[in-house]
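I am opening a notebook on a structure that I have not looked at before. The entries below keep to what I looked up, one topic at a time.

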Amino acid sequence: MTTHGKSTVLIGLQYGDEGKARVMDTLLKNYDIVARFNGGANAGHTLKVGDVEIALHQIPSGIFYKDMMLYVGSGCVVNPEKVIREIEEIQSKGLEISKRLFISGYATLIQPHHLLFDEIYGKHIGSTKNGIGPAYADRAMRAKHKEIKNIRFGDYLADPDTFKEMARNALTKMIEKHGVKNLDADAEIKKFHENVFAIKDYLCHDPLMIENLIRSGKNIFFEGAQSVMLDVVTGMTPFVTSSRTIAAAAYTGGDLSIRYHEKTLAVAKAIMSRVGNGPFVSEFGGERSEAYCAEGDGFDHVKEKEYADSNPEELLKSDDKLEIGKGLRMLTGEYGATTKRPRRIGMLDLVMLRQNCKLNGVDELYINKFDCLMHYSKTSLPGIPLVVAYDLDGKKINYMPASVSENRRVKPVVEYVPAFKNDISGIRNYDDLPQEVKDLIKFIEKHVESKVCGIGVGPEREQFVTIC
Ligand code: IMP
């Protein structure tokens, strides 16, 4: 008889920002531990319960469940200063965190020079400037002669004098190399050192902690950061993040044996979007849209500007796909949460979903923004467009080719299903959904070969239809 607890992994299937947090919100109550296994402060989501709202980047969700343990695994890269800020914000809302947050001693520290490096070199791929790439690069580099490149949380605390000097050397060299003005290495390193020590009480010293908890019957929920298309190996490199974002990474970066895996949940968004550059096969307006959204580093067409310039309902009637995408962006609010920069918009790509569901063994698929598909009824298009195959140089394929240049060349093969006109945002039960919506869910399941277990029908927590 099994007595150990269960382990569940949640991932995003597209380019990030699918709304994983809101899906988790409804599921977490059945778990004892919520853990991060990849990434760092580049992730972000806002949690809201009642009037209390908290933006988290590194600390796992689950903060509103007062007895939930929060674990940051060895696969993460940790910025101590930002962890402190998040803890302060959490405490300022009257929530207790001190005895339930644990950060793996194996987790890599983001050093001051990582932030500087990202600032100087990260622009092309639209990095979030959190030093994520440089930190993972140093982790893989390990050492340059005797100079240690990777500094782990546990190592720093155990031998602070050595590692403080390592961090100082790396920063000093970078400042000199790039002729950086207005950055005082000594002051930066002093601050870094103090910040690492300010979070020392959260150190998880014991690599078997999670394993022991599971064996004692506790349930763990692994919360993926970013999404599968941003995976450093199988995503659209170089426009990706620097960690592995696939479901299996939960176990390598979350410090648990795969033996306990029970199921994989995945989240997608019915109106696809992506920030930053890189191939996006189903994008409305293709490369013109990519260039438009990148103008002025993304700031030329921020939310207020697009609203001041255009009427979204008029844009939807256009024959130009770029304009349709713009109208959909406006009506569905697809702008950067903090920067307000426009996100690129695309049709729901079932080739991508199918591949990512299969590669990640998805047991339950959740699709957010389903209500937004209603806007297609106001467009010049003959229905809701769904990408069902790719055309690569005249050949029909049902997978994403394993090269960036081919992904730039492929054309989407689109099928249209009848567009529903009704607003479904008030519906909470599957049986009450219009027949067109039920048929659409079946269509998606047939192509993706995964069960759709829930759809989001609005931004509020309760605007959700559970299907299985
Ligand atoms: P980095 O992870 O900061 O190095 O950024 C690399 C790429 O991943 C950039 O295109 C970012 O916009 C993207 N990215 C990183 N984190 C997220 C996320 O949480 N959501 C969406 N895109 C992200």
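**Ground rules.** I am working with a predicted model, in which local features need pLDDT of at least 70 and side-chain atom pairs count only at pLDDT 80 or more, while totals for chains, interfaces and linings use all residues. I number residues from 1 along each chain as its sequence is written, and the side-chain values use heavy atoms, with hydrogens and water left out.

**The sheet.** I looked up the strand order and found 10 strands forming an open sheet, β11-β7-β5-β2-β12-β1-β13-β17-β21-β22, with mixed pairing. Because β11 (203-204) and β22 stand at the edges, each with a single partner strand, one side of each is left without a neighbour in the sheet. For my own use I note that helices (H or I, at least four residues) and strands (E, at least two) are DSSP runs numbered from the N terminus, and that two strands pair if DSSP finds at least two bridges between them.

**Strand β17.** Which strands does β17 pair with, and over how many bridges? On one hand, strand β13 (residues 261-269) pairs with β17 in the parallel sense over 5 bridges, and Ala268 has Ile367 of β17 as its bridge partner. On the other, 3 bridges join β17 to strand β21 (residues 452-456), again running parallel, and Tyr366 has Gly454 of β21 as its bridge partner.

Strand β17 (residues 364-368) is mostly covered, with 5 of its 5 residues buried. In a regular strand the side chains alternate between the two faces of the sheet.

A polar side-chain atom of Asn42 lies 2.9 Å from an oxygen atom of the ligand. A nitrogen atom of the ligand is 3.4 Å from an N or O atom in the side chain of Asp17, and a ligand nitrogen is 3.3 Å from such an atom in the side chain of Gln226. Of the 470 Å² of accessible area that the ligand has on its own, the protein covers 93%, with areas from the Shrake-Rupley method and a 1.4 Å probe.

**Cysteines.** A search of the whole structure gave me 1 disulfide, meaning a pair of cysteine sulfur atoms within 2.5 Å. The disulfide joins Cys453 to Cys468, S to S 1.9 Å, and with -110° about the S-S bond the link is left-handed. This pair links distant parts of the chain, 15 residues apart, with Cys453 in strand β21 and Cys468 in the segment after β22 (464-466). Cys453 is buried at a relative accessible area of 2%, whereas Cys468 is partly exposed at 48%.

I also looked at Cys204, which is in no disulfide, the nearest cysteine sulfur, that of Cys76, being 12 Å away. Cys204 counts as buried at 6% relative accessibility.

**Two single residues.** I placed Ser405 in helix α15 (residues 404-409), where Ser405 is partly exposed with a relative accessible area of 45%. Gly278 sits in the loop between β14 (272-274) and α10 (286-294) and counts as buried at 0% relative accessibility. The C-alpha atoms of Gly278 and Thr237 are separated by 8.1 Å, although these residues are 41 residues apart along the chain.

Note on methods. Buried means under 20% relative accessible area, exposed over 50%, partly exposed in between (1.4 Å probe, protein chains only). A polar contact is a pair of N or O atoms within 3.5 Å; within protein, one must be able to donate a hydrogen and the other to accept it, and residues adjacent in sequence count only if both atoms are side-chain atoms.
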